[in-house]
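Good morning, colleagues. Please look at the structure on the screen while I go through its disulfides and one of its helices.

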Amino acid sequence: MNWEWLPHYIPLLIHGLYLTLVLLVSSVVIGGILAVPIGLVQVTGPWYLKLPAKAFCSFIRGTPLLIQLWLIYYGIGSLFPGIPGIRTSFLWPILREGFYYAVLAFSLSFAGYEGEVMRGAFLGVPRGELEAARAIGMSPWKVLMRVWLPRAVRLVLPTLAGEIVGQLKSTPLAFTVTVMDLMGARAKISSDTYIMYEPLIFIAIIYMILTFFITRAFNYLERLVPQRR
Amino acid sequence: MFLAAAPLSELLSFGDKGYLDELMWGAFATLQISFLGYAFGCLLGLFGAIGKLSGSSFTKNILGGYTTLFRAIPELVLIMLIYYAGTNGLNQLLMSLGFEPIQINQLLAAVFVLGFVQGAYSTEVLRAAILAVPIGQVEAAKAYGMSSYQQFRRVVLPAMLPYAIPGLANLWLNITKDSALIAVIGSSELANVTRIAAGGSKLYLVFYLLAALIYLVISMVSDQFFAWLERRVRRGQPKLA
Amino acid sequence: MRITKRMLLAAVAAATMISATPAFADIKFGVDISPYPPFTSQDASGKIVGWEADFMDALCAEMKEKCAFEPTAWDGIIPALTSKKFDGILSSMSVTPERMKTISYSRIYYNSAAVIIGPKSDDKDFSPEHLAGKTIGVQGATTHANYLEKYYKPKGAEIKSYAGQDEVNADLTAGRVDYIMADGVTLSAYLASEAGACCEQKGAVPIDVDILGAGVGVGIRKEDTAFMDKVNAAIGSLSDKGFFEENTKKWGLEGKLILPKDMK
C-alpha cells in the first residue's frame, strides 16, 4: 500500500475535514430548526401552510440529494447572466462560492427528512399532556414551547444520532460543486498523484471515526436525558 | 457542431434533436440498476440475516464487520471504492484462478456496487424482521418435524414479510436515489444524462426539474406499490395496534 | 394466480436484460462523459460526435475492428483503464511523463495550445502575478490543473476544480470564476457559443512540456504492447492518407491543431 503521499497532503485533508464538519453542523442546525415548523404545521396548521409543507417533504424525500444540489447550484447559476449588476451586489461573495449552495441543499434536505420525523413526533406526544397544559390556562404558544416541543424532541432523540450520521454521509456530495471537503481533498490527491485507492481508504476511515464519535456523543447525551419508562 | 440555442420545444422532444428520449433511457437505466441492485442486495441481506442469527461466531463477526463498515462509510466513498478496487479485485481473483479477466460492463458494475451497499442495510432490516416473528410459530413448526429449511420457507419467511416490508420499502427508495451517485463515476443513468442534457442545452433549471419530477414519479409509484404489497402480505395476520 | 406471477417475473427479468448501450464491441475506448467539443460530445440523439469520434471510426476501420466509446468520469479514467473497464483512452488525453508512469501512450495524434480565457475587457494580462487573488476554473485531473497548481497557485490565485469542462464553462458564464484555463480549441468552441459571448481569449500560456505534455495520444495499458503497435500502425497509415488534415478541415479547425505530419 502506498502511503507516501500522506504527509504532503495533511494540511489539505485537515482543511477538508474542517469543511466537512462545518457542512455537517450548519446543515443539521439550520435543517433542524426548519424541521420544527415544517412538522408542526402538518399537524395543526391551516391548509395553506400544511400543503406546501407536505409537498416540500415529498419533494425532498422523493428526489436524490445529488439532483437537488445540482438543481440549486447550476440552476441558480444559470440565472446569473440574466441579472445585470449581480456581480457587484453584496450577495456576490456568497453566490459565487459552491460552499453556500451545498449548505443550502443539505439544510433543505435535512429539514425535509426531519420535518417528517417531527410530524410523527408531534403526533406522538400523549394527548393528555397537551390537554392538561391547556386546562391550566397556558396559551397555545406556551403549550408549544413548554410541553409539546420538548416532549416531541425527547421522542426524536434516540433516532437523532442515526439521522446525523446519515447527514454526515451525504456531505461528500459537496465536492461535485467545487467544495474542497474531505471528498474534494481526495479528488485532488488522486488527480495529483494518480493514486486511487489509498486516499479513498483514508477518508473512509476518517468518516468511520467521525461516525463513531457522533454515536458515542449521542449515547452519552441519551443517558443525561431522563426517560420515564 | 456546437449547440446553438435551439427552441425549447425542440430540445424537449423525443428523437434526434431532443433530449427527452435520452432522459427516458436514463430513467430506464436508473430503474434497471436500482432493481437489479436491490434484488442482489436483498439476497445478500437474506443470507446475511440468517448468518447473523444462526451462524457460527466467526460468521457473525464477519457479517457484523460488513454491516458496520458499510453503514458507517458514505455511500459515495463505498461506490467509488467498490467500483475501482472491487472490480479490480474480482479480476485479480479470476486471473489467479486461471480464468480470463472479464470486462465488467458499467451497468453490471453499478449493480454489483449498489447491491453490496444495500446488502448491509437489508441484513439489518431482515434480521429485525425475522426476530419479530412470534417464536411460538417457529416452535410449532419444529414440533411438526419440519427441517430447518422447511421451517424457514413455510413459516418464518411468510411471517416476517409484514415486518420487513416497511424497511424494505425504505431501502428501495434509498437505492433509487443512491443510483444517482453512480453519476460521479460516469454511468449513463438519469442523473448523468440530465447533466449532459442540461450542459448541452444550457437549460439547467428545466432539465434538473424534469429529472426531479421523474424521480418523484418513481418514488410515488413505489410508495403505492409497497402499500399494496404490505396489505397483501398482511392477509390473515393479526392486525397491528 | 401462479401463472400470472411467473409471467410477471419473466417479464421483469426480460426487461432487466435490455440495455441501452450497444452490444459487445470488440474494442472499447474510454472517453470523458462530459462534453468536450469539438473533439467529443454527445449530441441530442445520444451518439458521440466530434473530431475524435471520427478519428476513432477511422482508426478502427484501419485496424479492422469494431469499436465503441465507453463514457466514464474523467478523474477516474486512468484507474478504469488499468482495471480493464476498456481497452484504451481516446479523449484528448495529453502525454505527460507523470502519466507515463502508470500507462503508456500511442503516438501523438494532435497537439494544441493551452489558453486562458476571461471576461471581455481591455485587460489582456494573464501572467501569474496579474491573476493573484483571482479565481481560475479548471477541469480536475487535467494537465491544465497541474499547470495552474505549479505556476498560478503559488502566486496567489484561487483554483476551482470541476468534474467536467462544461461545468467550468458554465461557471465562467455565471461569473463564479474569473478566468478559465483549458485547451484552446475546446475553449474557442465555447467562446463561439452563446454562453461564451461574455468572454474572450486572453492568450496562450508559456509551454511547459513536462506538465502540459507534448500532445495527445491514445492511452493504453502498459502490458498491451500488441494493441499499441496496432494503434500506432493505424495512426501512421491514417497520417499518410491525409486523414488528419481532412478531418481537421471537416470540423473547421484549420490552423488550430498540430498534426502528426507536422510533428515528424
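A disulfide is taken here as a pair of cysteine sulfur atoms within 2.5 Å. By that criterion, the structure holds two disulfides over all chains. This is a predicted model, in which local features need pLDDT of at least 70 and side-chain atom pairs count only at pLDDT 80 or more, while totals for chains, interfaces and linings use all residues. Residues are numbered from 1 along each chain as its sequence is written, chains are lettered from A and ligands numbered from 1 in the order in which they are written, and side-chain values use heavy atoms, with hydrogens and water left out.

One disulfide links C:C60 with C:C67, at an S to S distance of 1.8 Å. The torsion about this S-S bond is about -105°, so the disulfide is left-handed. C:C60 is buried, at 4% relative accessible area; buried means under 20%, exposed over 50%, and partly exposed in between, with a 1.4 Å probe and protein chains only. C:C67 is also buried, at 19%.

Another disulfide connects C:C198 and C:C199, with S to S 2.2 Å. Its torsion is about -80°, so this disulfide is left-handed. C:C198 is partly exposed at 31%, whereas C:C199 is buried at 5%. In sequence order, the bonded cysteines of chain C pair 1-2, 3-4.

I turn now to chain B. Helices are DSSP runs of H or I with at least four residues, numbered from the N terminus, and the expected span is 1.5 Å times one less than the number of residues. In α7(B), a kink of about 50° lies at B:A164, shortly before the proline B:P166; the bend is the angle between axes fitted to the seven residues ending there and the seven starting there.

Methods
Helices (H or I, at least four residues) and strands (E, at least two) are DSSP runs, numbered from the N terminus.
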